[in-house]
Amino acid sequence: MRKKVVKVVIMPFETFQKYTMAIARGKYKPNKNEPKIWFESIENCMQVLSTRNIDILKMIEKEKPASIDELSKISGRNKGNLSRTLKTFYRHRIIDFIEEDRRKKPIALATQFDIQLGRNIPEWVSNPIVS
């Protein structure tokens with residue numbers, strides 16, 4: 001299985017907001033090595049990236065299910081619960097879907113995560129003086 005490692009950062013919402021506003025205003029251009037997924041707390045991160053959910057990502061990568069129904073059968077997870085998990089993954093850009101014959105085929109965009117606690121973020125972002 002090919003490793004797809006994505007950087008994840010945990011930081012307060014206010015700091016994330018300053019960071020994204022600076023990008024939107026053209027005051028800061030993020031480099032390609034900066035984190036792609038953001039969480040406000042370790043608890044939020046661990047809910048999304050639980051062992052059970054990481055197993056789902058690995059199944060998607062290895063088994064390449066043609067639909068959510070097929071993934072539900074492979075994983076043994078209830079389709080409704082699985083759909084909620086996949087929607088959360090999609091919102092965080094951990095998976096994507098390909099529409100095929102009126103079915104959604106899940107595609108893993110990440111299978112491993114480099115979790116950072118506010119590291120490698122431009123110093124000025126966490127500086128409360130910057131507006």
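In which helix is the place of L86? Select L86 in this predicted model: the residue belongs to helix α5.

**Stop 1: L86 and its surroundings**

With L86 selected, display the accessible surface. L86 has a relative accessible area of 0%, and it is therefore buried, the cut-off being under 20%. The separation is 8.0 Å, although L86 and P106 lie 20 residues apart along the chain.

**Stop 2: the whole chain**

Zoom out and colour by secondary structure. The chain comprises five helices and five strands. Followed from the N terminus, the order of elements is β-α-β-α-α-α-α-β-β-β. Of its 131 residues, 39% count as buried.

**Stop 3**

The side chains of K79 and D69 form a salt bridge, with an N to O distance of 3.0 Å.

Are the partners buried or exposed, or in between? K79 has a relative accessible area of 42% and is partly exposed. D69 is also partly exposed, at 37%.

**Stop 4: the largest pocket**

Two elements give two or more residues to the lining: α1 (13–24) and β2 (37–39). Highlight α1 in particular, as the largest share of the lining, five residues, comes from this helix.

Which classes of residue make up the lining? Colouring by class shows nine nonpolar, two polar and four charged residues.

**Stop 5: a nonpolar surface patch**

Move to the surface and select I42, M46, I115 and L117. These residues form a nonpolar patch, and their accessible area together is about 360 Å². Within this selection, centre the view on I115, which is located in strand β5 (residues 112–116). The relative accessible area of I115 is 34%. Patch residues need over 30%, so I115 passes that cut-off while counting as partly exposed.

**Stop 6: two residues with positive phi**

Select K64 in the loop between α3 (51–63) and α4. K64 is not a glycine, yet its phi is positive, at about 50°. With a relative accessibility of 51%, K64 counts as exposed, because the cut-off for that class is over 50%.

Where is D101 placed? Select D101 in the loop between β3 (95–100) and β4 (103–108). D101, again a residue other than glycine, has a positive phi near 50°. Its relative accessibility is 70%, and D101 counts as exposed.

To finish, show K64 and D101 together: each lies in a loop, and each counts as exposed. For contrast, bring back L86 in helix α5, which is buried.

Key:
Residues numbered from 1 in each chain as written. Predicted model: local features only at pLDDT ≥ 70, side-chain atom pairs only at ≥ 80, totals over all residues. Heavy atoms only, no water. Helix = DSSP H or I, 4+ residues; strand = E, 2+ residues; numbered from the N terminus. Nonpolar A, V, L, I, M, F, W, Y, C, P; charged D, E, K, R; others polar. Patch = residues over 30% accessible without salt bridge, like charges linked within 9 Å, V, L, I, M, F, W, Y side chains within 5 Å. Areas by Shrake-Rupley, 256 points an atom, 1.4 Å probe, with all protein chains shown as cover. Salt bridge = Lys/Arg side-chain N within 4 Å of Asp/Glu carboxyl O. Buried < 20%, exposed > 50% of the residue type's maximum accessible area, 1.4 Å probe, protein only.
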